[in-house]
Amino acid sequence: AVLRGATRVLLADAVGLGKTVEAGLILAELRARHLVDHALVLCPAGLRETWVQELRDRFGIAAIALDQASLAMSLQTLPPGVNPWAAHPVIVASIDLVKRPEVLAAVEEVPFDLVMADEAHHLTPASDRGRAVDRIGSRAPWLVLVSATPHSGDQAAFDYLAALGALGDPLTIFRRGRGDIGLPDGRRARVLSVTPTPDEERLLA
C-alpha cells in the first residue's frame with residue numbers, strides 16, 4: 001500500500017501478529033528505494049531497545065536510541081552546531097522525551113522522511129504526546145501509526161488519532177485478528193482454588 005502511494009498508515013493488528021515487523025518492512029522498503037534518508041521511531045521509553053533490536057536483527061538497519069543521556073553525550077562529541085537528531089539515519093526515541101518543548105524544537109529542525117509512532121492509542125486529544133506527533137508527522141512525507149487498540153470506544157479520540165499529521169491524504173488502516181490468519185481466537189479459562197495468607201485476607205477485606 002505504501003509503495004502504491006499511501007502516505008499515512010495505521011497498523012492495528014491484534015497483539016502478537018507482527019506490527020513491529022510490518023512497520024520495519026515499510027522502513028526497509030522505502031530505504032531500499034532511496035526514498036527515506038532520515039526516519040524517526042517514537043515509542044514508550046521501555047520499548048526503545050526492542051525497536052533497535054528488531055530493526056537490527058530482522059532488517060539489518062542500524063538504528064540508534066536517543067535518550068537524555070545520549071543527547072548530552074552527542075552535544076559534547078559532535079561538532080558545534082550539529083543537531084544530534086540529524087546525525088543518524090534512523091533514530092528511536094521516547095515520545096515523552098520528544099514532547100518536551102526544547103527537544104521538540106530541535107527535532108522539528110530535521111527533515112524526517114518517515115515518522116513512526118508506536119502505541120499510538122496514547123496520542124490522545126489535548127495531550128502533549130499527540131501535539132508532538134502531529135507537528136512532526138505533518139512535516140514528514142510518511143507517517144505510520146502502530147496500535148493494537150486504536151479505538152477505545154471514544155469516537156472523538158479515534159478521530160483525533162486518525163487526523164494526526166494530516167496533509168490531505170486519507171489514513172490507510174490495516175486490521176487483522178488472530179482468526180484472520182488461522183490462529184485460535186478464543187480464550188481458555190481455569191478456576192484455581194487459592195487459600196490466602198492472613199495478610200492477604202486483611203488486604204482483601
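1. **Basis.** The model is predicted: local features need pLDDT of at least 70, side-chain atom pairs count only at pLDDT 80 or more, and totals for chains, interfaces and linings use all residues. Residues are numbered from 1 along each chain as its sequence is written, and side-chain values use heavy atoms, with hydrogens and water left out.

2. **The sheet.** Seven strands form an open sheet in the order S3-S4-S2-S5-S6-S1-S7, with parallel pairing. Strands and helices are DSSP runs numbered from the N terminus (E, at least two residues, for strands; H or I, at least four, for helices). Two strands pair if DSSP finds at least two bridges between them. Strand S3 (64-66) and strand S7 (171-174) are the edges, each pairing on one side only. Neighbouring strands are turned by 20° against each other on average, direction ignored.

3. **S5 and S6.** Strand S5 (residues 114-117) and strand S6 (residues 142-146) run parallel and are joined by four bridges. Ala 117 stands opposite Leu 145 in S6.

4. **Helix H1.** The 14 residues of H1 should span 20 Å at 1.5 Å a residue, and the end C-alpha atoms are 20 Å apart, which agrees. The expected span is 1.5 Å times one less than the number of residues.

5. **H1 against H2.** Helix H1 (residues 19-32) packs on helix H2 (residues 48-59) at an angle of about 60°, with the axes 10 Å apart. Axes are lines fitted to C-alpha atoms over the stretch in contact, and angles run from 0 to 180 degrees between N-to-C directions. Contact means heavy atoms within 4.5 Å. H1 contributes Thr 20, Val 21, Ala 23, Gly 24, Leu 25, Leu 27 and Ala 28, and H2 contributes Trp 51, Glu 54, Leu 55, Arg 58 and Phe 59.

6. **Positive phi.** Most residues other than glycine have a negative phi. Just after H1, His 34 has a positive phi of about 60°. The loop between S5 and helix H6 (128-137) holds Glu 119, with phi near 50°. Ala 126 is in the loop between S5 and H6, and has a positive phi of about 65°. Ala 126 is exposed (over 50%), at 65%.

Terms used:
Buried means under 20% relative accessible area, exposed over 50%, partly exposed in between (1.4 Å probe, protein chains only).
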